Amino acid sequence: MSEIRKAAVIGAGVMGAGIAAHIANAGVEVLLLDIVPEGASNRSAIAEKAVERLLKAEPAAFMSKRAAKLVKTGNVEDDLDALADCDWIVEAVVERLDVKQALYKKIDTVRKPGTAVSSNTSTIPLAALIDGLSEGFGRDFLITHFFNPPRYMRLLEIVSGPATDPATVKRVSTFADVKLGKTVVNCKDTPGFIANRLGTQWMQLAVGEAFALGLTVEEADSVMGRPFGIPKTGVFGLMDLVGIDLMPHVLNSLQRALPKDDPFHKGTRDLPLIGEMIESGLTGRKGKGGFYRLNRDGGGKVKEAIDLTNGTYRREEKARLPEVEAAAKKVSALLTAPTPAGRYALSVMARTLSYAAWLVPEAADDVVAIDEAMRLGYNWKWGPFELIDRIGAATLIKALEGMGEPVPEFLALAHDKTFYRVENGKRQYLGRDGVYRDIVRPEGVLLLSDIKLVSEPVLKNGSASVWDLGDGVLCFEFTSKSNSLDEGIISLLGKASRLVKDKHKALVIYNEGSNFSVGANLGLALFACNIAAFGEVEKLVAAGQQAYQALKYAPFPVVSAPAGMALGGGCEILLHSDAVQAYAESYIGLVECGVGVLPGWGGCKEMLTRWQTDPALPKGPMPAPSKVFEMVSTATVSKSAAEAKEYKFLRDSDGITMNRDRLLADAKAKALALAENYVPPQPKELTLPGPSGRVALEMAAEGFHKRGIATKHDLVVASALAEVLTGGPADHIQPVTEAQVLELERAGFMKLIRTNATLARIESVLETGRSLRN
Amino acid sequence: MSNVSNVVIAGYARSPFAPAKKGDLARVRPDDIAAQVVRELIARTKVNPDDIEDLIVGCAFPEAEQGFNIARLIGMIADLPQSVAGVTVNRFCGSSMQAIHMAAGQILLGAGDVFICAGIESMSRVPMTGFNPMPNPALHAKNAAAYMGMGDTAENVASKWQITRADQEAFAVASQQKAAKAQADGRLKDEIVPIRVNGKTIELDGCIRGETTTADLAALKPAFDQNGTVTAGTSSPLTDGASAVLVCSEDYASKHGLDVLARLRSVAVAGCAPEIMGIGPVDATRKALSRAGIAMDDVSVVELNEAFASQAIACARDLGVKPETLNIDGGAIALGHPLGATGARIVGKAASLLKREGGRYAVATQCIGGGQGIATVLERV
């Protein structure tokens, strides 16, 4: 009973299917059931169609083809008995108490005693759900509230009742944390739990006040976005994303469920325009338009926004309000600005943050749970209490008093304090009793941000830092903009290597940015080329090659631990590591050809070696270069760490960590395991086809050009890449050394960087963020 | 040396043709498909296997599972007597027609009486161009067309012979309809050898799309050149399949009471410019007709391989093929084109049609990558 080896999800709607897919992503077989459609010949049609939808979902619901095969489909009439083999049953059917209860009764007759049953309800209290059911069922029952899409949203709200067996909660929570990668936030059995209750309050206030104070949608979103660490979609952009028609349903259900004296009700306003929009199909991105739309009339693409005063569309005008720009430095300045934007910010955020304080202990035991829920459920950079700390509790209290709003008791308690503090190197939070307590990380969670609170970097320059993780392991952290790779990183890698060699056991390359690294710093490369300092560029290419080779052949193990994007040079550093421990959401690829160059820091060499040693590939000199050419010339990026293994950006032996917060600990453990009796790898020789192979690859590229898929400059880039991948002048009866391939990489890179078309591509990426298809 | 006057086709069989990668034969080794066809041809014709001189197998990419000497291995899998030899022939798409020509030559030389001429290609399991395409850089520099992709040559023929996209699509739809009708009327059944795959039996061709309309085809994107006219719908699909014919001397056939389909009258091959390889059948057919001393007007059955609609139309026009004689049960656009197997299929098919439809002469001809054509003239017995 200790492990979850097989699960079932009942209800194959968007959430149920998405949950099933994600359980499969964890490598666990999952049975997806739904009802038998009336008069259907295929009785499992609903679940089967759901899987078809999952396979086409964008962004992808499955992390790999293998995961997709772990979802088995069926229906609740013929396949209910199969629940007896399941260790966890998730119910995600329609939000109707009678339907859910009828299903629970059926489940209870077939499930093994002790099998956890959980509901994905977002509105029905747990107490009501188990009312009238067997005692045993109540003991094994809890609410597991996922967010959409289940693969990508890291928050999982868990509600247990007084009857729920703590062992069951622990078993499901541990599985959700370690296998599904979710951050579990324990909530009270109250309506909307935490994130939706507070999030909906924020949304209704932010929309209503924009109408009341006469802000445009662009102005409102500029205030409700970046200054508060909220995604730049702000509120109206977010409404477009989730569906404007969804809002009245969520509002109604919360209004009905919450007690009359709940401050939530004061935020509600009647907004006729929203009803009109929904009626005319303007439901957001899924509909004919929303608060924003892309007008394609007349063949063009014009970004438009709705005029909140009359419901007509007009050209979108990005808001550039000085008080909003100033808020980047000091957010409280925005709240006190005597302008519509300032009044808007104050009216919405003061009441939202006050409501957050009111929710302790109403919906959660502590501020940590509420902050975590808003960060992970709504992608806020700072939770509400972290925001209050940034603004100042006293300032907020004063503002609320000025607005004639009540000040929650807990907020008043904090008037001269902060909700968080660092004491003796530990992060602490303020309890309702006025006492600070340590934030305790679950076992197996190690955060660099925590380490930084208690120590200084052992090495540091403008682009990177090195931290001591203890037990003889150092951590190399990129600190440059977007973690782009530059001379500073290259030189510090050398210093870090010497330090590890002298005094430590292993090196972990890791950071807590949203992306591991987006590749080399193109701005610097472009600058050097514009002043024709090609020698400098070549030096940097050579230095990168040397640094990466040094990592590979160092007398200690190097483990890289990427999360998010690891592109170009960021990917090449993974390729040169002894092992990789990757966060499941890692997007890895050699994308150099997109900007008109080629992998020059050993990426070609490493990928050739990996593919050439794959026993599944046909023999001979061509299959490996062809495969690598196909991926690199098209700048292929994996959509998950699991997929990166299919491309061989990761090895089969590399590890995947589902929970972001567990990545560093896993990487460190891997490094220490490798450090036992570590022997550096031996250089490998390659068998490459030489000019014959180059011609074959060039012919393939030419075909893509004719079909309109490859551009003219793509052919130039492809040809240079083909030259490297086929070993230049190589003859396939004569092995090619790593050094020879590196030399070819350098020559190919330098040839391309000297072309105007490549420079134009780099310029375009730097200026517009888009690659130029020249 | 015996006194041999004529060479005849005394039997024809093939596997169902299935779309590569996604079809029913994708998971079967090519040698296993071909062996089942060869064994069944022997059973159906009742030829005494001990009399067979050689098993000649055409294959366009004889490597990997089609490698070694696949002909010899097919003979072993099919449990042919040890005395039957085996040779693999490669003339790309013309490979198994070449196998028939070689057998005919051997018979006329007095070097054997009975031959099985087969063809095989699993385009699922051995890709076109093979696993290690390594063109000669110097030749490529001198004459890139030597290695030109087949789709590009089809575009070249389309533009040089001014074959419009609409004409190609009408041709493709007609081919699909003819094949679908032949299948529905059971006219393909007799030539097909059901292939057993892991306890399942595959007996129907898998590529045919009889419901295809010109409107469907008009919606497709060009497959090889964004400004071109050739689409996937007007090209033969990548296909898995095998075929075999029994070739023997007329004397042997009559002495052993074999059911003769047709007599071989003449054969020919001819080179042409590689960038318009699709036009190869024109010169080859003209040569073969002239060797037979007849004209196209005398021919009542024509099997002209449809590698692409553009080249098939251009060849039919240049040769003056009467539409009612052309690919009566549909062509490769509908049935599929397992490269090495097509030659034996269209010779066997032409011979069977001659018998079924009446008429005196039949022509089977096809284009060949690299710039060639091959043709066979048959006569009713």
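Predicted model: local features only at pLDDT ≥ 70, side-chain atom pairs only at ≥ 80, totals over all residues.
**View 1**
UniProt, in an unreviewed entry, lists residues 6-190 of chain A as "domain: 3-hydroxyacyl-CoA dehydrogenase NAD binding". That 6-190 span of chain A is 36% helix and 22% strand, and its end C-alpha atoms sit 30 Å apart.

**View 2. Where domain 3 of chain A meets domain 4 of chain A.**
Domain 3 of chain A brings 24 residues to the contact, and domain 4 of chain A brings 26 residues. On the domain 3 side, α22 (522-530), α23 (534-553) and α24 (569-575) of chain A each put in at least two residues. Which helix gives the largest share of that side? It's α23(A), with nine residues. Sorted by class, the domain 3 side of this contact in chain A comes out as 14 nonpolar, seven polar and three charged residues.

**View 3. A three-strand sheet, β12-β13-β14 of chain A.**
This one is an open sheet of three strands, in the order β12-β13-β14 of chain A, with antiparallel pairing. β12 and β14 (436-438) of chain A are the edge strands with a single partner each, so one side of each has no neighbour in the sheet. Neighbouring strands here are turned by 40 degrees against each other on average, ignoring direction. Pairing like this goes through backbone hydrogen bonds, and strands can be parallel or antiparallel.

**View 4. Zooming in on the β12-β13 hairpin of chain A.**
Four bridges link β12 (residues 420-423) and β13 (residues 426-430) of chain A in the antiparallel sense. Look for E423(A), which stands opposite K426(A) in β13(A). The hairpin of β12(A) and β13(A) has two residues between its strands, and N424(A) takes a positive phi near 50 degrees there. For context, most residues other than glycine have a negative phi.

**View 5. Another open sheet, β9-β10-β11 of chain A.**
Three strands line up as β9-β10-β11 in chain A, forming an open sheet with antiparallel pairing. β9 (292-295) and β11 (313-315) of chain A are at the edges, each with a single partner strand, so each has one side left without a neighbour in the sheet. From one strand to the next, the twist averages 40 degrees. Strand β10 (residues 302-306) of chain A runs antiparallel to β11(A), and three bridges join the two.

**View 6. Helices α16 and α17 of chain A crossing.**
The axes of α16 (residues 367-377) and α17 (residues 384-391) of chain A come within 7 Å and cross at roughly 100 degrees. Are the two helices parallel or perpendicular? Angles of 65 to 115 degrees count as roughly perpendicular, and α16(A) and α17(A) are therefore roughly perpendicular to each other. From α16(A), the contact uses V367(A), I370(A), D371(A) and M374(A), while α17(A) supplies P384(A), F385(A) and E386(A). By class, this contact has five nonpolar, no polar and two charged residues.

**View 7. Two cis peptide bonds in chain A.**
Most peptide bonds are trans. The bond from E58(A) to P59(A) is cis, though, with omega near -5 degrees. P59(A) sits in the loop between α2 (45-56) and α3 (65-68) of chain A. The bond from N148(A) to P149(A) is cis too, with omega near -5 degrees. You'll find P149(A) in the loop between β6 (141-146) and β7 (155-160) of chain A.

**View 8. Over to chain B.**
Chain B puts 15 residues in contact with 16 residues of chain A. The chain B side of that contact has eight nonpolar, five polar and two charged residues. Elsewhere in the backbone story, K21(B) isn't a glycine but has a positive phi of about 70 degrees. K21(B) belongs to the loop between β2 (18-19) and α1 (30-45) of chain B. An unreviewed UniProt entry lists residues 259-380 of chain B as "domain: Thiolase C-terminal". Over 259-380, chain B is 39% helix and 26% strand, with end C-alpha atoms 12 Å apart.

Note on methods. Residues numbered from 1 in each chain as written. Chains lettered and ligands numbered in written order. UniProt positions renumbered as here; feature names shortened; annotations may be inferred. Pairing = 2+ DSSP bridges. Contact = placed C-beta atoms within 7 Å. Nonpolar A, V, L, I, M, F, W, Y, C, P; charged D, E, K, R; others polar. Axes fitted to C-alpha atoms, helices over the stretch in contact; angles between N-to-C directions. Parallel < 35°, antiparallel > 145°, perpendicular 65-115°, else oblique.
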